[in-house]
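Thank you for sending this model for comment.

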Amino acid sequence: MARYDVAPHLVFWETTKACALACRHCRASAQHTALPGELSTAEGLALIDEIAGLPAPRPIMVFTGGDCFERPDLFELVEHATGAGLRVGVSPSVTPRLTPAAMQRLYALGVRSVSISLDGAGPATHDGVRGIEGHFDKTVAALEMLVSMGFRLQVNTTVMRRNVTELADIAALLERLGVGIWEVFFLVGVGRGANVDEISPEMAEDVSHFLVDVANRGMTVRTVEAPFFRRVHEQRLEADVEDPATHFGLGELYRELSAELGPRRADRIGHSATLATGDGRGIIFVAHDGEVHASGFLPVSLGNVRDETLGSIYATHSLLTELRAGHLGGACGVCDYSRLCGGSRARAFARSGDALGEDPACLRVQEAQTAAR
Ligand code: SF4
């Protein structure tokens, strides 16, 4: 059996839709107050027990939202999860609820991984995206606090046209702050993100090569809804060239970002996250109301944990078994890198209504479409 056929590697639980922020690109279209139908404390505890009972290696559980601090029972749920032997990450919003005392309490309960969103290199872009003046400064202060407390810190950045030229400056800021992991989301037009410009396939290719450069400087880089980053990473290893811009015919965006990043540091060893996980392939998402999705960006319900176990849905739902078997359509179905990459299933669905279709953000897909005309 393939590695992720039986149980997921990562379970994202959208503990609530409630959040004090109103970000322009929010996948969850989060609300200031919780929506009705949220899993209760008892249902959350039962979900945790079930996940803890999945076959080894046990999945990592990420408490996301909305803002997980909007759940009054957050500490009880986290304590139950870590007590059951699960590794737990949290993904809180930067609001007045994110206090040193709250984070110390989570640390004492065994939480070590925290992810925080940062969408610009300065206040103009970040505050504009978040819709709150002064939020950039609060986010930088939160990152400094979390680094000093010893958390394994991940920054999430959503790439869109309005911030794509700031990526090198964001990378430099993360290096300066001591953030070890950068998870870069390539926007998929769902939730409030449907109103924000996605970058073009050419830009996505340039950004992917730039992210390989960032990883080569010592930061762990992952992408969300852009698994073609793994294809680019592999191509860079295969080519092993000094000048990727010329070798791969990259655009001005790559040249500018790469020049701003500066030379590779000889004392750092690069690392990119190249686990071949993807939507429904090692990753599963439980929404606030118990609905199960292959990812938080793929609004196809696979069932509900109120009716069926998560393990059963994950192992047997036909969409997930098709995804894991690699039964993809279009250019993704015939791509040499399909097993490593597989394309964003959420973007394929958002664009064509077919979750097994090709990922229109990938340059290879665009080239195949152009060749077919
Ligand atoms: S064509 Fe599809 S599988 Fe191949 S690299 Fe692009 S997104 Fe990935």
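1. The model is predicted, and the remarks below should be read with that in mind. Helix α7 (residues 201-216) and helix α10 (residues 252-261) have axes that come within 8 Å and cross at roughly 20°. That angle falls under 35 degrees, which makes α7 roughly parallel to α10, and the crossing in which α7 passes α10 is right-handed. On the α7 side the contact is made by Met203, Asp206, His209, Phe210, Asp213 and Val214, and on the α10 side by Leu253, Tyr254, Leu257, Ser258 and Leu261. Sorted by class, the contact of α7 with α10 comprises seven nonpolar, two polar and two charged residues.

2. By class, the contact of α1 with α2 consists of four nonpolar, three polar and one charged residues.

3. How do the axes of α4 and α5 cross? The axes of helix α4 (residues 123-130) and α5 come within 8 Å, and the crossing is at roughly 100°. An angle from 65 to 115 degrees counts as roughly perpendicular, and α4 and α5 are therefore described in that way. In this contact Pro123, His126, Asp127 and Arg130 of α4 meet His135, Phe136, Asp137 and Thr139 of α5, and by class the contact has two nonpolar, three polar and three charged residues.

4. Two individual helix residues deserve a separate remark. Lysine 138 is found in helix α5 (residues 135-148) and is partly exposed, with 17 other C-beta atoms within 10 Å. Although lysine 138 and valine 94 are 44 residues apart in sequence, their C-alpha atoms are 7.2 Å apart in space. Glycine 83, for its part, lies in helix α2 and counts as exposed, with 12 C-beta neighbours inside 10 Å.

5. Alanine 56 and proline 57 are joined by a cis peptide bond with an omega of about -5°, and proline 57 has its place in the loop between α1 and β2 (60-64). Glycine 65 and glycine 66 are likewise joined by a cis peptide bond, here with an omega of about 20°, and glycine 66 is placed in the loop between β2 and α2.

6. Which residues have a positive phi although they are not glycines? Glutamate 225 has a positive phi of about 60° and lies in the loop between β7 (220-224) and α8. With 27 other C-beta atoms within 10 Å, glutamate 225 is buried. Aspartate 240 has a positive phi of about 50° and is situated in the loop between α8 and α9 (244-247). Aspartate 240 is exposed, with 8 other C-beta atoms within 10 Å, whereas glutamate 225 is buried.

7. Finally, the ligand is surrounded by 15 residues, of which the closest are Cys332, Cys335, Cys341, Gly343 and Cys362. Among the elements around the ligand, α8 (228-239), α13 (330-333) and α15 (363-372) each supply at least two residues of the shell. The shell divides by class into eight nonpolar, three polar and four charged residues.

Terms used. Residues are numbered from 1 along each chain as its sequence is written. This is a predicted model: local features need pLDDT of at least 70, side-chain atom pairs count only at pLDDT 80 or more; totals for chains, interfaces and linings use all residues. A residue is near a molecule or strand if its C-beta atom, placed from the backbone, lies within 6 Å of it. Helices (H or I, at least four residues) and strands (E, at least two) are DSSP runs, numbered from the N terminus. Ala, Val, Leu, Ile, Met, Phe, Trp, Tyr, Cys and Pro count as nonpolar, Asp, Glu, Lys and Arg as charged, and the others, Gly among them, as polar. Axes are lines fitted to C-alpha atoms, for helices over the stretch in contact, and angles run from 0 to 180 degrees between N-to-C directions. Angles under 35 degrees count as roughly parallel, over 145 as roughly antiparallel, 65 to 115 as roughly perpendicular and the rest as oblique. A crossing is left-handed if the near helix is turned anticlockwise from the far one by less than a right angle, and right-handed if clockwise. Two residues are in contact if their C-beta atoms, placed from the backbone, lie within 7 Å. A residue is buried if 20 or more other C-beta atoms lie within 10 Å of its own, exposed if 12 or fewer, and partly exposed in between; C-beta atoms are placed from the backbone.
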